[in-house]
Amino acid sequence: MSAQAPHILVVDDNPINRMMAARLLKEAGCTGMLVDDGLKALAALQAHQFDGVLLDESMPNLDGTGVLKEVAKWRATGKLVPPIMMVTGNDLPSDVARFRELGAKGLIPKPLTRENLQRGLSLIRQIP
């Protein structure tokens, strides 16, 4: 993670969720880029450097699971990808395990709160 303010990609199709994430990230001393679907997330990951990703599970065009699967292909070719935290209402142990198997580093339950975001950011910061 850079010495500057962490730069986080927020991927969520709900504009209210994106605004909330942007506000909470700013309060946490982070900068962010906001996109509204998985296809835009992949494009942003190709074009910009991020310290972490907050990825919604359910979105049109390409959902969070689809993004994780595409990112797994990138990782297999040696491409560096920032840590991805899933942001979802599905936070059962089986969901956490499924997301981790797909390459997510953890899960932040919805609704996004200051406390949940701080826990997610602390996990991102621990990952080299």
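The largest nonpolar core here has 22 residues, and Leu9, Val11, Leu55 and Val71 are the ones with the most contacts inside it. At least two residues of this core come from each of these elements: strand E1 (7-11), helix H2 (38-47), strand E3 (52-56), helix H3 (64-76) and strand E4 (84-88). There's also a second, separate core of 14 residues, with Val10, Met85, Ile108 and Leu112 among them. In soluble globular proteins, nonpolar side chains tend to be buried together. Keep in mind that this is a predicted model.

Which residues does Val71 touch, leaving aside its neighbours within four places in sequence? They are Leu42, Leu45, Val81 and Ile84.

Now for the layout. The chain has 5 helices and 5 strands, and from the N terminus on they run β-α-β-α-β-α-β-α-β-α. If you take the contacts between residues at least 6 apart in sequence, 63% of them join residues at least 24 apart.

As for overall size, a compact globule of 128 residues would have a radius of gyration near 14 Å, so the 13 Å of this chain agrees with that. Along the principal axes, the C-alpha atoms fill a box of roughly 35 × 30 × 25 Å.

Some whole-chain values:

| Property of the chain | Value |
|---|---|
| Residues that count as buried | 44% of 128 residues |
| Accessible surface | about 6,800 Å² |
| Share of that surface belonging to carbon and sulfur atoms | 55% |

On the charge side, the chain carries 15 positive and 14 negative charges, and their mean positions are 5 Å apart.

How values were computed. Residues are numbered from 1 along each chain as its sequence is written. This is a predicted model: local features need pLDDT of at least 70, side-chain atom pairs count only at pLDDT 80 or more; totals for chains, interfaces and linings use all residues. Side-chain values use heavy atoms; hydrogens and water are left out. Helices (H or I, at least four residues) and strands (E, at least two) are DSSP runs, numbered from the N terminus. The radius of gyration is taken over C-alpha atoms; the globule rule is 2.2 Å times the number of residues to the power 0.38. Buried means under 20% relative accessible area, exposed over 50%, partly exposed in between (1.4 Å probe, protein chains only). Contact means heavy atoms within 4.5 Å. Accessible areas come from the Shrake-Rupley method with a 1.4 Å probe; for residues, only the protein chains shown count as cover. Lys and Arg count as positive and Asp and Glu as negative; His and the chain ends are not counted. The place of a charge is taken as NZ of Lys, CZ of Arg, CG of Asp or CD of Glu. A nonpolar core is a set of buried Ala, Val, Leu, Ile, Met, Phe, Trp, Tyr and Cys residues joined through side-chain atoms within 4.5 Å.
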